[in-house]
Amino acid sequence: MSKLADQLDAKSDDVDHVVSDPSHESEELPRQFSLFSTLAFGFSMTNSWLGYSATFITPLLLGGSPTVFFGLIAASIASCFITAGLAELASAYPSSGGQYHFAYMVSSPRYRTLVAFVMGWLSVVAWALTSASTALVCAQMIGSLAGMYNPSYIGEAWQTWMIYVLLVLIATSIVCLLPSSLPRGEMVMFVSSFLGFVASFIVVLATQKRTQSAKAVFVDFNNTSGWSDGTSFVIGLGTCMYAYLAIDGACHIAEELPNPRSDVPRAMGLTMLIGMMTVIPWTVVFLFSITDIDAVASSSIPVYTIYLQATQSQSAATVLTVWILFVYFGALVSCIVTTGRLAYAFSRDGGLPCSGFFARIHHKHHAPVNATVGTANLFTIKDNITHAAHKKALSGCFSKSSIMSSQTARAASRDVLFNRVLPLVYKASTENKAIEVIELSYSCLLDTFVQWQFGRSLGSNLVEDEQERRMYLDGFLGISGYTFWQYHFPTLISILQKIGIHLIPKSVLSAFESVESWNLEKCDQAQQLLASGKQLSSDDQPVAFEPALKGMSEVDAKPKSYPQRLPLASDMFSLNSGAFETSGNTSTYLFWELSRRPEWQTKLREELLGLNPPLKHVPGKRVEIEDLTSPQDIDKLPILHAVLMETLRLWPSVPGGQPRIVPRPCTLGGYHNIPAGTTVQSYASVLHRTPDVFPDPFEWKPERWLDASQEELALMRKWFWGFGSGGRMCLGLHFAYYSMKFLFAGIYSNFTTTIHDHGDMEPSDGYLAGPIGHRLELKFHLVE
């Protein structure tokens with residue numbers, strides 16, 4: 001599990017900070033915290049007197065004032081022992097990972113990985129919930145204060161939720177955008193908290209006119225819970241521990257201190273000491289100042305009611321409560337810092353899904369921004385705004401006009417179709433050998449797209465390179481049988497893998513990771529090609545990658561350190577993998593249909609003979625871009641377009657459901673008032689087989705696209721869903737048409753085809769549907 005831990009074992013004694021994984025050395029966090037700012041950070045989260053002010057109601061109800069006081073004393077003693085143990089471990093093994101790292105280091109070698117993995121998840125979840133609870137307390141206080149001054153106001157749950165979200169967004173923005181200001185900010189919050197304690201202590205002590213007796217505070221046990229007294233006290237004790245809840249906070253910034261071995265334990269010890277010195281006196285003071293326990297217990301802001309009972313002044317109570325609210329917000333910032341650092345460390349050791357992404361340090365802000373924010377690629381982004389932004393960065397190069405005029409696209413067709421595919425087919429025809437066309441289609445279309453995507457110098461060659469073909473196709477297609485688990489339960493898969501249970505076989509995952517690495521390497525090389533500033537020829541432009549890099553990242557960044565590296569690679573992978581499989585399946589079925597219908601081959605060839613210049617393959621002749629037929633002329637061929645459209649209709653490559661989440665109540669398909677958030681989906685295979693729109697829907701009849709009236713064509717196009725529709729419509733549809741039309745124009749300008757052998761041609765039952773038998777062997781016959 002922990003590369004970090006292994007390096008700690010081996011590091012020399014004179015190094016006083018954590019040695020990170022070499023792959024992350026250039027991304028370590030700046031060491032900006034001093035002993036005082038670390039103490040301020042730890043105390044800002046723990047804030048014992050403040051935290052107890054918000055949670056003492058539970059022990060008050062479980063035993064009255066004695067449980068509140070003596071439960072706190074017991075919690076203080078227990079927390080001293082806990083803090084001493086944690087401080088010792090933090091001194092021995094300083095790491096932002098904290099407890100999960102300590103667990104790894106002290107556990108037996110046999111179980112240390114499992115123990116640390118479980119501890120890491122518990123820690124990350126616990127800190128995330130701590131941040132959430134802190135934000136929720138602040139949100140509830142704001143809503144309640146509004147109600148204090150406006151009795152007619154009744155706070156709704158959604159309003160509290162909106163305040164909560166706003167507070168989290170503000171705090172997260174501070175953490176991500178102003179990381180260098182965190183040490184100073186923590187010191188400001190420390191001073192604010194201490195001054196708040198002093199002000200509260202003095203004001204309550206000086207203004208209270210009536211007090212509870214010592215007997216009521218220390219002796220009169222009043223249990224209203226229904227549990228036995230002993231059980232009630234134990235339950236109340238659990239809440240009392242909240243006063244020291246975040247005592248470990250300092251150890252999670254250990255990698256941001258110059259001397260963590262000494263400073264982190266000191267900060268933790270001082271946090272504990274200051275916490276006891278503030279919370280115990282404050283608790284005694286506010287317990288004596290309570291004049292109406294029932295009013296305090298039923299108050300939405302108990303500490304406000306205590307201030308009000310002590311001072312008899314609503315203004316004074318409000319000022320002191322707002323002061324507490326301000327300091328509580330500082331605690332929220334600190335909690336989010338800790339959660340982000342912990343998630344970053346755990347990801348660095350491979351503990352979280354998408355660990356490679358979350359373990360990155362933002363190049364500009366020098367903070368683990370990804371560990372807080374997260375990302376997804378263009379194909380998997382859920383919210384429309386983010387998806388639209390990603391799509392906008394790429395939409396220009398994917399427009400029909402851009403593709404039709406692209407010299408890089410024409411160069412790709414020249415290199416792949418004329419220099420690889422047609423010579424291969426010509427050789428097979430002269431030797432009377434069959435060719436398996438499913439993988440030929442996959443390879444041709446992928447090579448064409450990748451060369452356009454990344455440029456000629458970084459293109460792929462699956463058509464001729466067997467090793468590269470097997471790596472990509474086997475690696476990518478091998479995982480398709482596990483898409484149910486991969487899509488619906490990615491977190492479960494990741495968790496089980498950490499403990500040795502593989503729902504997806506390791507060999508399958510390893511092969512898929514090879515394809516991901518191949519794709520990432522293409523992105524890295526393309527970024528450096530652009531960063532070099534070299535003048536690139538027209539056929540070597542990384543057409544799809546360049547606008548994505550400029551829109552999402554920085555061209556001139558250092559190698560493998562450009563911002564959004566992994567999200568960008570994820571987008572590029574989703575594009576080229578989608579380009580070959582969907583278009584490849586369509587091409588396979590078009591070969592199948594044409595090879596069974598010589599009459600349509602004849603019609604198509606007669607149409608292709610009218611091209612000027614013709615797409616004639618001459619063995620041994622070097623083909624230049626100028627020798628190729630204009631893409632616009634090929635695109636306008638009605639028979640070629642008809643056979644392709646009919647194949648997309650009858651054999652859609654994505655026949656199944658394409659789910660969408662309803663953003664607001666709406667009516668779809670005659671169903672009214674569909675609630676927002678409902679998942680709905682439509683099926684191309686169903687739409688394309690509607691008899692009223694497509695007569696004889698189960699027959700391959702290209703003539704329906706040639707003989708239809710304008711009204712009939714408009715209706716068929718409305719119901720056609722080969723590439724989806726709307727904002728989620730396939731981004732690459734124009735390139736798909738371009739590459740498939742060029743492929744079939746090139747093949748049937750020079751050859752006719754007959755079926756030699758094939759497997760089961762029924763489409764597979766999956767999201768993408770190629771032939772179940774995954775084999776279609778054709779013989780190509782040269783046309784003189």
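A: This is a predicted model. Start with burial: of the 784 residues in the protein chain, 52% are buried. The chain exposes about 33900 Å², and carbon and sulfur atoms supply 60% of that area.

Q: How many helices and strands does the protein chain have?

A: There are 34 helices and seven strands. Among contacts between residues at least 6 apart in sequence, 76% join residues at least 24 apart.

Q: Which residues have the most contacts inside the largest nonpolar core?

A: In soluble globular proteins, nonpolar side chains tend to be buried together. Here the largest nonpolar core has 111 residues, and Trp-452 and Tyr-472 have the most contacts inside it. Apart from that core lies another, of 88 residues, including Leu-39, Val-124, Val-279 and Cys-335.

Q: Which residues does Tyr-472 touch, not counting those up to four places away in sequence?

A: Tyr-472 touches Leu-446, Leu-462, Val-515, Trp-518, Phe-573, Asn-576, Ser-577 and Phe-580.

Q: Which residues form a nonpolar patch on the surface?

A: Leu-114, Val-118, Met-119, Leu-122, Ile-499 and Ile-501 form one, with about 490 Å² of accessible area together. Leu-114 lies in helix 7, residues 112-149.

Q: Why is Leu-114 called partly exposed?

A: Partly exposed covers the range between buried, under 20% relative accessible area, and exposed, over 50%. Leu-114 is partly exposed because its relative accessible area is 39%.

Q: Where does UniProt place the feature "binding site"?

A: The unreviewed UniProt entry places that feature at Cys-730. Cys-730 is in the loop between helix 33 (710-719) and helix 34 (733-748). Its relative accessible area is 35%, so Cys-730 is partly exposed.

Notes: Residues numbered from 1 in each chain as written. Predicted model: local features only at pLDDT ≥ 70, side-chain atom pairs only at ≥ 80, totals over all residues. Heavy atoms only, no water. Patch = residues over 30% accessible without salt bridge, like charges linked within 9 Å, V, L, I, M, F, W, Y side chains within 5 Å. Areas by Shrake-Rupley, 256 points an atom, 1.4 Å probe, with all protein chains shown as cover. Salt bridge = Lys/Arg side-chain N within 4 Å of Asp/Glu carboxyl O. Helix = DSSP H or I, 4+ residues; strand = E, 2+ residues; numbered from the N terminus. Buried < 20%, exposed > 50% of the residue type's maximum accessible area, 1.4 Å probe, protein only. UniProt positions renumbered as here; feature names shortened; annotations may be inferred. Core = buried A, V, L, I, M, F, W, Y, C linked by side-chain atoms within 4.5 Å. Contact = heavy atoms within 4.5 Å.
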